[in-house]
Amino acid sequence: MKTVLSNEKVSLRALEPVDIDVVLQWENNTSLWQFGSTVAPMSRKILWDYIENYNPDIYASNQLRLMIDDANSGTTVGMVDFYDFDHHNRRCGIGILIGQEFQNSGYGTNAVEVVCDYAGKFLGLHQLWAVVPVDNVFSIKLFQKNKFHVCGRMRSWLRRNNHYADAFIMQMLVGN
């Protein structure tokens, strides 16, 4: 039986204390910081406190983090974040990370498919959006496979060391 939080490739689940090591590894990987807003390493204590006090109610916290597991083995392969939740306009930003050793295996595409289904059916969202660097061809293709469309280009949006890079805003309408 198919559930809303899984398909044949991936299943999404709540963040658990057992995830601390893999999340700490991903959060402190400085090569990934250029895709988000991280500017400093995260300590085990800070992450532990975050997990311990985590509120999965997107209506209360305006964000939601879900772990992405391989549907067959249960191996954690990535995570997806809903952020900047806008209850009134029923929209939310999403970000996805697939561990380097699991990339190019269909996990990202399948996870975004499941996320979109969940966002429409259970969160009642009308739209999802993502900010994607214009040179991140793999992420652009991942979102396009899941019916996201480039709806704008933001100039000098992301700081990368001593210069700035443009980013696309990509959007998908998920429900009415």
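Some conventions. This is a predicted model, in which local features need pLDDT of at least 70 and side-chain atom pairs count only at pLDDT 80 or more, while totals for chains, interfaces and linings use all residues. Residues are numbered from 1 along each chain as its sequence is written, and side-chain values use heavy atoms, with hydrogens and water left out.

On confidence: pLDDT is the predictor's confidence in each residue, from 0 to 100. The protein has a mean of 90, and 93% of its residues reach 70 or more. Where pLDDT is low, predicted coordinates should not be read in detail.

Next, the overall dimensions. For 176 residues, a compact globule would have a radius of gyration near 16 Å, and the protein agrees, at 16 Å. That radius is taken over C-alpha atoms, and the globule rule is 2.2 Å times the number of residues to the power 0.38. Along the principal axes, the C-alpha atoms fill a box of roughly 45 × 40 × 35 Å. Of the 176 residues, 43% count as buried. Contact here means heavy atoms within 4.5 Å. Among contacts with a separation of 6 or more, 59% come from residues 24 or more positions apart.

Now the fold. There are five helices and seven strands, and from the N terminus the elements run β-α-α-α-β-β-β-α-β-α-β-β. Both kinds are DSSP runs numbered from the N terminus: helices are H or I with at least four residues, strands are E with at least two.

The seven strands make an open sheet with mixed pairing, in the order β1-β2-β3-β4-β5-β7-β6. Two strands pair if DSSP finds at least two bridges between them. The edges are β1 (10–14) and β6 (149–160); each has a single partner strand, so one side of each is left without a neighbour in the sheet. From one strand to the next, the twist averages 30°. Axes are lines fitted to C-alpha atoms, for helices over the stretch in contact, and angles run from 0 to 180 degrees between N-to-C directions.

Consider β7 and its two partners. With β5 (residues 127–133), strand β7 (residues 163–173) pairs in the antiparallel sense over seven bridges; there, W129 has Q171 as its bridge partner. With β6, the pairing is again antiparallel, over eight bridges, and M154 stands opposite A167. β6 and β7 form a hairpin with two residues between them, and N161 in the turn has a positive phi of about 55°. N161 is not a glycine, and its relative accessible area of 72% makes it exposed.

Helix α5 (residues 137–145) lies across β4 (91–98), β5 and β7, at about 160° to β5. K147 sits in the loop between α5 and β6. Its phi is near 70°, also a positive value in a residue other than glycine.

What does M170 touch? Leaving aside neighbours within four places in sequence, its contacts include L128, W129, I140, F143 and F148. M170 is in strand β7 and counts as buried, at 0% relative accessibility. Its C-alpha atom is 9.6 Å from that of K147, 23 residues apart along the chain.

Last, the interior. A nonpolar core is a set of buried Ala, Val, Leu, Ile, Met, Phe, Trp, Tyr and Cys residues joined through side-chain atoms within 4.5 Å. The largest has 46 residues, of which I68, F82, I94, L128, F143 and F148 touch the most other members. Helix α4 (residues 107–121) supplies the largest share, eight residues. A second, separate core has five residues, among them W129, M154, L158 and A167.

One more methionine: M79, in strand β3 (residues 76–86), is buried at 5% relative accessibility. Beyond four places in sequence, M79 touches residues including V23, W26, L66, I68 and I96. The C-alpha atoms of M79 and L66 are separated by 5.7 Å.

Technical notes
Buried means under 20% relative accessible area, exposed over 50%, partly exposed in between (1.4 Å probe, protein chains only).
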